[in-house]
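Subject: Structure for you to look at

Hello,

Here is the structure I promised to hand over. Please open it alongside these notes.

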Amino acid sequence: MDLQTLTFLFVGATFALYISIAFWAKAGTTAEFYVAGGGIHPIANGMATAADWMSAASFISMAGLIAFYGYGGSVFLMGWTGGYVLLAMLLAPYLRKHGSFTVPEFISDRYYSKTARVVAVICLIIASVTYVIGQMKGIGVAFSRFLEVSYETGLLTGIAIVFVYAVMGGMKGITYTQIAQYVIMIIAYTIPAIFISFMLTGNPIPQLGLGSEMVDGVYLLDKVDQVVTELGFAEYTTQARLSLTNMFVYTLSLMIGTAGLPHVIMRFFTVPSVKAARESAGWALLFIAILYTTAPAVAAMARLNLMTTIDQPDQAQNLAYADRPSWFKNWEKTGLLKFEDKNNDGLIQYTGDKATNEMVKVDRDIMVLANPEIAGLPNWVIAIVAAGGLAAALSTAAGLLLAIASSISHDLLKGVWHPEITEKKELLYSRISMAGAIAVAGYFGFNPPDFAAGTVALAFGLAASSIFPALMMGIFSKKMNKEGAIAGMLSGIGVTLLYVFQHKGIMFVQSTSFLGDMDPNWFLGIEPNAFGAIGATVNFAVAFLVMSRTAPVPKHVEEMIENIRVPSHN
Amino acid sequence: MVKNSDYWKSNIALIVKCLSVWFVVSYLFGIVFVDVLNLVKLGGYKLGFWFAQQGSIYTFVILIFYYAKKMNQIDEQFNMHEK
């Protein structure tokens, strides 16, 4: 069967599965809509969390980033996993004990303030909306490359599928779909990796293959280092991202941001107990780790395969442009791969020197998707990768949309404006806000704003500088009052936004970047994307300062904190 | 309430212990001392590189399960477990 038919078959089958789950898992109460009834098994929730967490960025982009940044790409590996340790120990169990439906609801109860709730909702919506735009783009790109339909048709199909299961089933429908999506995603990611690892090193386990010898007896990583340095690129295993200080702060920002992202925290409201919340975080990270420890192998092997396909030790033997393989031609069509014959010899030179390099564009995002083709794997493997990429984008989009919808219907409508509405009405409103959130996300998918590229960093920055500190202080400090928490959140966001905007432009419009996007102006040499940890530090400092000068917390809140710190109900 | 505060102290002590390991494997082994550790090799991996791209992640998973298990014991010890 040809690739096209196989891909339609695989993607069609997975979509049919998601729709069937939607009809089976229809939500009948608000508890089912917001937290899937609170009865999800910790392992099942772990799997759903892994799918919720691993987005198009993890599935498609991350290995590509590592392939080109080498050691410097480690910030994403450590940053996007280490946050779960913080989540498991500092947030999830206590928030589960409190038993609220949303993150802003906890903040509202703990800081006895509707203002705090509204501030939290604003942070949540900015963080989640920016994040969901990236997923929408991922859906459109995956469709247009693999099914050769237009970007718009692909996006519309994706939106329709999410609409059915998210509006009908809420968290319940999303949870069971995410479990299915995790399974599809992990199969799609590991199968090509196993094939390629076996072909290169004879070891089918990619995590071990990466540390093994190749057929010629040279260690794979030594080979990668040798090939890239000979061609004038930085050494793969030691190239740092700007500086070690920057890597340190970047990793910390991603970890704190991960722990503070509402769509991830919310997943821990669906398990039955505090004990289950702790364990479930472990399962979630285990399921994530399967992909995250495979990614470095995919990255190094893809880089090696790409370079050795093009460049030969003797330059005169390099790949001739006329003989380029079909994957090369396919990706050229998308504009993500570009060749320019600078010396007119008809051969391709791919080097680290800008003046002689003829591969003028190699988009990082094509690495995972093109990898199976570069390695010459069978068509059914490539078809699975397409279904996996779509599963990754859809599962994360659904989780984010629920976070947005529930903060509107539960926090704003029910919590602030109309506390008197009945449960039945609230369920209806939650469905309407879900539909509204999907419409907004879809709109941005069709008209990606200029700032789309920089926005995921913004999401992490906001989560790290506002939500994480507010939650952590709410649990670990009995004295933190509403004035402190609100001042902390606002100044944390303020500092982070100011730093990002002054270097990247207001709302990412380049011409308005009043300090310019250049390293000499960076504070301690820290790149804007890595600034969340500094914002969090400011948040903590301001919160404690303001707290020391304002009224202490009321008695009933102190009791509430005592209560969330222990699992038992007495 | 005395019982509650003892329980909470045990929890904090355990968190501090776990987060120290979390800090050492990622920030120290994976970033600050990466060059020194890279002098040692683990198969084809430079050790610092291995911690940054593999070892820290494995440690994180073990840490969470360890914390969950220890907390279950502490819950029982202080009779704080869910009934």
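Chain A carries 34 positive and 38 negative side chains. The centres of those two sets lie 13 Å apart. Chain B has 8 positive and 5 negative side chains. In chain B the two centres are 7 Å apart. Please keep in mind that this is a predicted model.

Next, the overall build of chain A. Chain A has 21 helices and two strands. Its radius of gyration is 24 Å, close to the 25 Å that the globule rule gives for 570 residues, so chain A is as compact as a globular protein of that length. Along the principal axes, the C-alpha atoms of chain A fill a box of roughly 80 × 55 × 45 Å. Of its 570 residues, 62% count as buried. Take the contacts in chain A between residues at least 6 apart in sequence: 80% of them join residues at least 24 apart.

Now chain B. It has three helices and two strands. Their order along the sequence is α-α-β-β-α. The radius of gyration of chain B is 17 Å, well over the 12 Å that the globule rule gives for 83 residues, so chain B is more spread out than a compact globule. Its C-alpha trace spans about 50 × 20 × 15 Å along the principal axes. Buried residues account for 53% of the 83 residues in chain B. Among chain B contacts between residues at least 6 apart in sequence, 61% join residues at least 24 apart. Chain B exposes about 3900 Å², and carbon and sulfur atoms supply 71% of that.

On to the interface. The size of an interface is often given as the accessible area lost when the parts come together. Here chain B and chain A bury about 4300 Å² between them. Carbon and sulfur atoms hold 70% of that buried area. Which three residues supply more than any others of the area that chain B buries against chain A? They are B:W8, B:I64 and B:E82, which together supply 16%. The contact takes 44 residues from chain B and 54 residues from chain A.

A:L291 sits in helix α13, residues 274-310. At 0% relative accessibility, A:L291 counts as buried. Setting aside residues up to four places away in sequence, A:L291 touches A:M54, A:S58, A:F59, A:M62, A:I186 and A:Y189. A:G532 is 241 residues from A:L291 along the chain, and their C-alpha atoms are separated by 25 Å.

A:T190 belongs to helix α8, residues 151-201. Is A:T190 buried or exposed? Its relative accessibility is 17%, under the 20% cut-off, so A:T190 counts as buried. Apart from neighbours within four places in sequence, A:T190 is in contact with A:I290 and A:T294. A:T190 and A:I126 are 64 residues apart in sequence. In space they are 33 Å apart, C-alpha to C-alpha.

A:Q135 is part of helix α7, residues 114-146. A:Q135 is buried, with a relative accessible area of 2%. Its contacts, leaving aside neighbours within four places in sequence, are A:S55, A:A56, A:A392, A:A393, A:T396, A:A397 and A:L400.

Finally, two backbone points. Most residues other than glycine have a negative phi. A:A36 has a positive phi, near 55 degrees. A:A36 lies in the loop between α2 (30-35) and α3 (42-53) of chain A. A:A36 is buried, with a relative accessible area of 10%. A:N344 also has a positive phi, near 55 degrees. Where does A:N344 lie? It is in the loop between β1 (337-338) and β2 (361-362) of chain A. A:N344 is exposed, with a relative accessible area of 65%.

Best wishes

Methods. Residues numbered from 1 in each chain as written. Chains lettered and ligands numbered in written order. Heavy atoms only, no water. Helix = DSSP H or I, 4+ residues; strand = E, 2+ residues; numbered from the N terminus. Rg over C-alpha atoms; globule rule 2.2 N^0.38 Å. Buried < 20%, exposed > 50% of the residue type's maximum accessible area, 1.4 Å probe, protein only. Contact = heavy atoms within 4.5 Å. Areas by Shrake-Rupley, 256 points an atom, 1.4 Å probe, with all protein chains shown as cover. Lys, Arg positive; Asp, Glu negative; His and termini not counted. Charge placed at Lys NZ, Arg CZ, Asp CG, Glu CD. Buried area = accessible area lost by both parts, 1.4 Å probe.
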